[in-house]
Amino acid sequence: MAEARGAGLVVEGRIVGVDSGFYDVALGDRVVRARPRGRLRLDAGELLTGDRVELLLMDDGTAVIQRVLPRRNRLLRPAAANVDQVVIVFSLVEPPWNRALTDRIAVLAEAEGIDVVFCLNKMDLVDAAEAEAAAGVYRRAGYPVVLVSARTGAGLESLLERLRDRVTVLAGESGVGKSTLLNALQPGLKLETGQLSRRGGRGRHTTRRSRLLPLVRGNRVVGYVVDAPGFSRLDVTVIDRYELADCFPEFREPAQQCRFDDCLHRAEPGCGVKRAVEAGAVDPIRYRHYLELLDEIEEYEANRY
Ligand SMILES: Nc1nc2c(ncn2[C@@H]2O[C@H](COP(=O)(O)OP(=O)(O)O)[C@@H](O)[C@H]2O)c(=O)[nH]1
Ligand SMILES: [Mg+2]
Ligand SMILES: [Zn+2]
């Protein structure tokens, strides 16, 4: 709500981009360029894309950020605040399904309390049965899955419905089609697409800062999306080993049957999660990824001091 204060008007907005000391702040359907005020300017590194801020609109047309509103969450890669959901894009071919990476991204999102949606792209390259089998892995884990083809346009409307009224990070391995999907959803964005070469392709994307891209229908902004640069390694050591299992939603119910409260679902007797894996109720590859991430966290915790 706007309120008059001295020489300016105080409004709330959302930072959609950062550009050499200035911040682009969306106010409803328009964007103003603002600078942080005084002390805020000193720790300007603390302002992130996605931050909700209180803005003072001056009579001379300039705008000053005077306060950052409390954050719901914060992602490190891409650097963004107040993200509602992560859409994890993957394909089955070109590139092949990287299950370790998709599970890792999902775990990090869960740890931040961010909703996860899986998006299987390049449906035009595989048969429907194969795609349904892959989608089933995540559906059985409790996640929504949308099947799309950025090339043919199949499924794009249901993806757009998922993005509506939310701030979404599109994550996933390089080459799975994130930029192509965004270009298809929002003609006019003209994001660079094309597979990066394994070597030498790094500089082009890594320098890019994260930016909230508005999805526009008619004259209205219906949602925001962050096109994250492709990443290959994401650090799970920020997660406590006892909290990791909770980042696998399908473990939560069987974990209640574990004999020990501090069960890590590895070799403990009477483990409900292991029983669920053996009974086929929990996907064995998701469980294996859990064990791998657990090893990684424990190795880090052991070497920390
Ligand atoms: N066959 C097919 N190719 C696609 C599809 N979506 C993207 N691509 C191609 O996959 C390559 C990588 O796409 P890009 O959007 O750059 O991937 P990003 O690295 O995830 O942003 C490009 O050559 C795209 O044309 C799709 O649905 N079907
Ligand atoms: Mg891209
Ligand atoms: Zn257990």
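**The whole chain.** Keep in mind as you look around that this is a predicted model. Of its 305 residues, 33% count as buried. Contacts also reach across the sequence: among those between residues at least 6 apart, 63% join residues at least 24 apart.

**The six-stranded sheet.** Next, select β9 to β14. These six strands form an open sheet with mixed pairing, and you can walk across it in the order β11-β10-β9-β12-β14-β13. Stop at the two edges, β11 (145–147) and β13 (212–217): each has a single partner strand, so one side of each is left without a neighbour in the sheet. From one strand to the next, the twist averages 30°.

Now zoom in on β10 and β11, which pair in the parallel sense over three bridges. To see one bridge, pick F118 and look across to V145, its partner in β11.

**The helices on the sheet.** Bring back α2, which packs on the sheet and touches β9 (85–90), β10 and β12 (167–171). The direction of α2 makes about 180° with that of β9. Then show helix α4 (residues 156–163), which also packs on the sheet. Its contacts take in β9, β10, β11, β12, β13 and β14 (220–227), and its direction makes about 145° with that of β11.

In soluble globular proteins, nonpolar side chains tend to be buried together. Here, the largest nonpolar core holds 69 residues, and V86, I88 and C119 are the ones that touch the most other members. Helix α2 (residues 99–111) supplies the largest share of this core, with six residues. Select V86 and, setting aside neighbours within four places in sequence, you will find it in contact with I105, A109, I114, V116, V169 and A171.

**Last stop: V116.** Follow that list to V116, which is found in strand β10 (residues 115–120). Is V116 buried or exposed? Count the C-beta atoms around it: 23 others lie within 10 Å, and the cut-off for buried is 20 or more, so V116 is buried. Beyond its neighbours within four places in sequence, V116 is in contact with Q85, V86, I88, A106, A109, E110 and Y143. Finish by drawing a distance from V116 to A106: the two are 10 residues apart along the chain, and their C-alpha atoms are separated by 6.5 Å.

Key
Residues are numbered from 1 along each chain as its sequence is written. Chains are lettered from A and ligands numbered from 1 in the order in which they are written. This is a predicted model: local features need pLDDT of at least 70, side-chain atom pairs count only at pLDDT 80 or more; totals for chains, interfaces and linings use all residues. Helices (H or I, at least four residues) and strands (E, at least two) are DSSP runs, numbered from the N terminus. A residue is buried if 20 or more other C-beta atoms lie within 10 Å of its own, exposed if 12 or fewer, and partly exposed in between; C-beta atoms are placed from the backbone. Two residues are in contact if their C-beta atoms, placed from the backbone, lie within 7 Å. A nonpolar core is a set of buried Ala, Val, Leu, Ile, Met, Phe, Trp, Tyr and Cys residues joined through C-beta atoms within 7 Å. Two strands pair if DSSP finds at least two bridges between them. Axes are lines fitted to C-alpha atoms, for helices over the stretch in contact, and angles run from 0 to 180 degrees between N-to-C directions.
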